[in-house]
Amino acid sequence: MIRINELSLPLDHSDDALRRAIVKRLNIRDADLLDFTVFKRSYDARKKNSAILFIYIVDLEVRDEGKVLARFKNDLHVRPAPDTRYYPVAEAPANLEARPLVIGFGPCGLFAALLLAQMGFKPIVLERGKNVRSRTKDTWALWRKKVLSPESNVQFGEGGAGLFSDGKLYSQIKDPKFYARKVMHEFVRAGAPEEIMYVNKPHIGTFRLTGVVAKMREEIIALGGEVRFESRVTDLVLDNGQVEGAVLANGETLHSRHVILALGHSSRDTFRMLHRQGVHIEAKPFAIGFRIEHPQGMIDKARLGKYAGHPALGAADYKLVHHAKNGRAVYSFCMCPGGTVVAATSEPGRVVTNGMSQYSRNERNANSGIVVGITPEQDFPGDALAGVELQERLEERAYELGGSDYCAPAQLVGDFIRGVPSSEFGEIEPSYQPGVRLGDLGPSLPAFAIDAIREALPAFGRKIRGFDRDNAILTGIETRTSSPVRITRHHDTLQSLNIRGLYPAGEGAGYAGGILSAGVDGIKVAEALAKALLSDMDAA
Ligand code: FAD
């Protein structure tokens, strides 16, 4: 297999143009190109005045591959293609008795369980929330009727925190073993669009993700695994530094010496339980801020110029960073083109925002988090849970500022920059449901964060014209940008620093940030667990 990098074609190229471009680039006969697949397709819109082109990386098979490669031996863009297929690292023996437990069924737990099931380890998944169908109803009840279900919401339930999301599937993790391809491949097998395998910034959108997750659960069960919903783990059974099982809220105890902890960043009661039981946890940095909304058409125009609205490009995104005078970094986070701002609390009396979109990304507004990085050393000194407590305090204040009924506090950008409360919307309507209460966001975050965001918005306006327009909307607050704790693990065994057999994983443990990286981490811990379990069996 040969890989060609950097084949450029116009946005409107015909179906057979890529094949012709490959044949031309390699200077071979058409009949000698046996097969090809697109490995990646991206576009570069940074140079405002030149045409936007698609840039392809293609993998292909040709007759006489050796000869072709020899002809291009000095060409860095024509190389042997790496093998990106996934090879399982273990196979469970027929006499397997010990079944691993997977706590949490977000992307991390989902992929950990799927991989374990595919290797024959018949995992038992314990998920505190409900299945996708019931969970969807519960989540909409908050958005439409202001009724929160603390165990079944945007954060908790089948599919985890990313189920009601933009379903963005990219990350900047180092991935020498191509685990991200395995994640994408499994999503496609379960019904995600094929294009996620090759487009540069793939996304599934919330509705499609729902079906995909349910399909993957069916596969885990068909392979002998078990998925138990409404099964909150309230305690671990620990014995002399070794995990021996987990206790559920209904009092049932499940025994296992191999337990994956894939909790997500919002399971605060479980973090407290782990801390109380002496599992090693430390505070880690995260970020706080607001969601900002602009017309998507404005972002398209700023980013794509005359190509704005081109169907091949879709709704444009952005990524922004500003280093404020007070030493704080302000950046855009989890940008959702053509999406909505969502109520993302899992706890009564608290308000927190996030963003989501459908596959089509055709809602009127673009939104993203505008957040300020904070660290335990500088901003929340104390014990391992000080970051959790800070999040709780800020979310409570946001609830009060929003009117104590799950509406969110909001302010127009112009008023926020000038430091005056807002009382009337302009041209842009906020998308947050169940609604927003206009006022002053100043008291919602610490002063250093407010100052830094006030300074950053005009700076962003110089990069994207209109970003700091008066009538853009800020909705508060964003606090669950990543986990406020790390449940530290050994880098080789992936087991907890002080509890054998316990595998902290995914976003909640501080080892992932986003759907794709959480899925990848699930694969890593499944592999580590499978190998350790087999070696325990050998030793017994
Ligand atoms: P989670 O997905 O949080 O899953 C953890 C699971 O564990 C939950 O289902 C929870 O109920 C369960 N659990 C917790 N404690 C217990 C317990 N004691 N017993 C049993 N079960 C328990 N990321 C992206 O990459 N792209 C996006 O577009 C995107 N959009 C997002 C939009 C929203 C609205 C939100 C909230 C998040 C979004 N994210 C997005 C972030 C992404 O969802 C997370 O990074 C990802 O889900 C983390 O995966 P995880 O499996 O580690 O944890």
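Guide: In what follows, strands are DSSP runs of type E with at least two residues, helices are runs of H or I with at least four, and the elements are numbered from the N terminus. The model is a predicted one.

The description may begin with a sheet. Seven strands form an open sheet with mixed pairing, in the order β14-β15-β18-β13-β21-β19-β20. The edge positions are held by β14 (321-323) and β20 (436-438); each has a single partner strand, so one side of each has no neighbour in the sheet. On average, and with direction ignored, neighbouring strands of this sheet are turned by 30° against each other.

In the strand order, β13 stands between β18 and β21. With β18 (residues 365-374), β13 pairs in the antiparallel sense over ten bridges. Two of the residue pairs can be named: I288 has V372 of β18 as its bridge partner, and P295 has N365 of β18. The pairing of β13 with β21 (residues 473-478) is likewise antiparallel and runs over five bridges; here F290 stands opposite G476 of β21. Nine of the ten residues of β13 are buried, so the strand is largely enclosed by the rest of the structure.

Helix α12 (residues 447-463) lies across β13, β14, β15 (329-336) and β18, and runs at about 135° to β18.

For comparison, a helix pair may be considered as well. Helix α5 (residues 179-189) packs against helix α13 (residues 515-539) at an angle of about 105°, with the axes 9 Å apart. The two helices are therefore roughly perpendicular to each other. On the α5 side, the contact is made by Y179, A180, K182 and V183, and on the α13 side by L516, G519, V520, I523 and K524. By class, the residues of this contact are six nonpolar, one polar and two charged.

Note on methods: Residues are numbered from 1 along each chain as its sequence is written. This is a predicted model: local features need pLDDT of at least 70, side-chain atom pairs count only at pLDDT 80 or more; totals for chains, interfaces and linings use all residues. Axes are lines fitted to C-alpha atoms, for helices over the stretch in contact, and angles run from 0 to 180 degrees between N-to-C directions. Angles under 35 degrees count as roughly parallel, over 145 as roughly antiparallel, 65 to 115 as roughly perpendicular and the rest as oblique. Two residues are in contact if their C-beta atoms, placed from the backbone, lie within 7 Å. Ala, Val, Leu, Ile, Met, Phe, Trp, Tyr, Cys and Pro count as nonpolar, Asp, Glu, Lys and Arg as charged, and the others, Gly among them, as polar. A residue is buried if 20 or more other C-beta atoms lie within 10 Å of its own, exposed if 12 or fewer, and partly exposed in between; C-beta atoms are placed from the backbone. Two strands pair if DSSP finds at least two bridges between them.
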